[in-house]
Amino acid sequence: MEAILHGIILAFGLILPLGVQNVFVFSQGATQPNLLRAFPATITAAMCDTLLILFAIFGLSVIVLQFEWLRLGLIIGGMIFLLYMGYAIWRSEPAAAETNKALPIRKQIIFALSVSFLNPHAILDIVGVIGTSALKYAGTEQALFTFACIAVSWIWFFGLTLSGAVMKKLDGKGGLMKVFNKFSALFIWGTAIYLLLGLV
């Protein structure tokens with residue numbers, strides 16, 4: 001029970017702060033014509049987090065942290081994807097219109113992959129916090145800890161998608177969603193700039 005509670009609290013603590021991944025998943029729930037159309041982004045983000053958690057707990061993360069060129073590659077690749085994703089979200093229109101420009105499935109998956117695997121902060125959080133915390137447990141307890149972290153991630157992303165869909169219904173004319181799209185794009189570009197400043 002201690003391992004499960006520890007995993008739940010830790011995972012919520014890492015996933016709650018506003019981040020590019022959260023903004024993107026929420027925006028898909030709000031811009032897609034229906035809830036099911038937003039699930040590719042939701043499922044991709046949850047699967048990416050699941051893989052990162054498994055890698056962190058089972059030690060592969062140690063290898064990643066030892067290579068500076070890999071960290072640099074993650075940051076540069078992350079900046080490029082974030083700049084492009086910000087541009088796409090800035091230009092997207094609320095799904096209320098007939099000429100809906102919501103992201104297609106392929107782009108949803110690519111963007112969800114990029115904000116998950118090309119986000120050095122998210123990787124370091126999962127590796128540094130969840131990976132090291134898992135060292136406290138072994139056997140069944142470690143498995144329960146891992147399951148709790150993964151379950152929180154899946155529940156959170158589906159909750160974000162649902163919240164976005166509810167917001168879309170409350171915002172019939174799409175005015176609020178347009179503002180949210182602009183804010184999301186600016187936030188994503190700001191994250192890219194922050195990554196760039198970290199290299200200077």
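Me: Which element of the protein has the lowest mean pLDDT, and which the highest?

Reply: The lowest mean pLDDT among the elements, 57, belongs to helix 4 (residues 60–66), and the highest, 89, to helix 3, where pLDDT is the predictor's confidence in each residue on a scale from 0 to 100. This is a predicted model, in which local features need pLDDT of at least 70 and side-chain atom pairs count only at pLDDT 80 or more, while totals for chains, interfaces and linings use all residues. Residues are numbered from 1 along each chain as its sequence is written, and side-chain values use heavy atoms, with hydrogens and water left out.

Me: What is the pLDDT over residues 95–100, and how many contacts beyond four places in sequence does the model have for them?

Reply: Over residues 95–100 pLDDT stays under 50, and the model has ten such contacts for this stretch, a contact being heavy atoms within 4.5 Å. Where pLDDT is low, the predicted coordinates should not be read in detail. For the protein as a whole the average pLDDT is 76, with 68% of the residues scoring at least 70.

Me: How many helices and how many strands are there in the protein?

Reply: The protein has nine helices and zero strands, counted as DSSP runs numbered from the N terminus (helices are H or I with at least four residues, strands E with at least two). Read from the N terminus, the elements run α-α-α-α-α-α-α-α-α. Among contacts between residues at least 6 apart in sequence, 86% join residues at least 24 apart.

Me: Why is C48 called buried, and why C149?

Reply: Buried means under 20% relative accessible area, exposed over 50%, and partly exposed in between (1.4 Å probe, protein chains only). C48 has a relative accessible area of 2% and is therefore buried, and C149, with 1%, is likewise buried. Buried residues make up 46% of the 200 residues in the protein.

Me: How many disulfides does the protein have by the distance rule?

Reply: The count comes to zero, a disulfide being a pair of cysteine sulfur atoms within 2.5 Å.

Me: What makes T146 and Q142 buried rather than exposed?

Reply: T146, a residue of helix 8, has a relative accessibility of 6% and so counts as buried; leaving aside residues up to four places away in sequence, T146 touches I53, L54 and I57. Q142, also placed in helix 8, counts as buried because its relative accessibility is 17%. With the same exclusion of residues up to four places away, Q142 touches I57, F58, A134 and Y137, while its C-alpha atom is separated by 7.1 Å from that of A3, 139 residues apart along the chain.

Me: Why is A151 called partly exposed, and why W189?

Reply: A151, in helix 8, has a relative accessibility of 21% and therefore counts as partly exposed; the C-alpha atoms of A151 and A46, 105 residues apart along the chain, are separated by 9.2 Å. W189, in helix 9 (residues 175–199), counts as partly exposed because its value is 23%, and its C-alpha atom is separated by 10.0 Å from that of I80, 109 residues apart along the chain.

Me: Is I109 buried or partly exposed, and which residues does I109 touch?

Reply: With a relative accessibility of 32%, I109 counts as partly exposed; its place is in helix 6 (residues 105–117). Not counting residues up to four places away in sequence, I109 touches P40 and T44, and the C-alpha atoms of I109 and A45, 64 residues apart along the chain, are separated by 8.3 Å.

Me: Which residues make the nonpolar surface patch, and which helix gives the most to it?

Reply: L35, L162, V166 and L170 make a nonpolar surface patch of about 380 Å², with helix 8 (residues 140–170) giving the most, three residues. Patches consist of residues with over 30% relative accessible area and no salt bridge, like charges being joined within 9 Å and nonpolar side chains (Val, Leu, Ile, Met, Phe, Trp, Tyr) within 5 Å; a salt bridge is a side-chain nitrogen of Lys or Arg within 4 Å of a carboxyl oxygen of Asp or Glu. L35 is found in helix 3 (residues 35–57) and, at 30% relative accessibility, counts as partly exposed.

Terms used: Areas by Shrake-Rupley, 256 points an atom, 1.4 Å probe, with all protein chains shown as cover.
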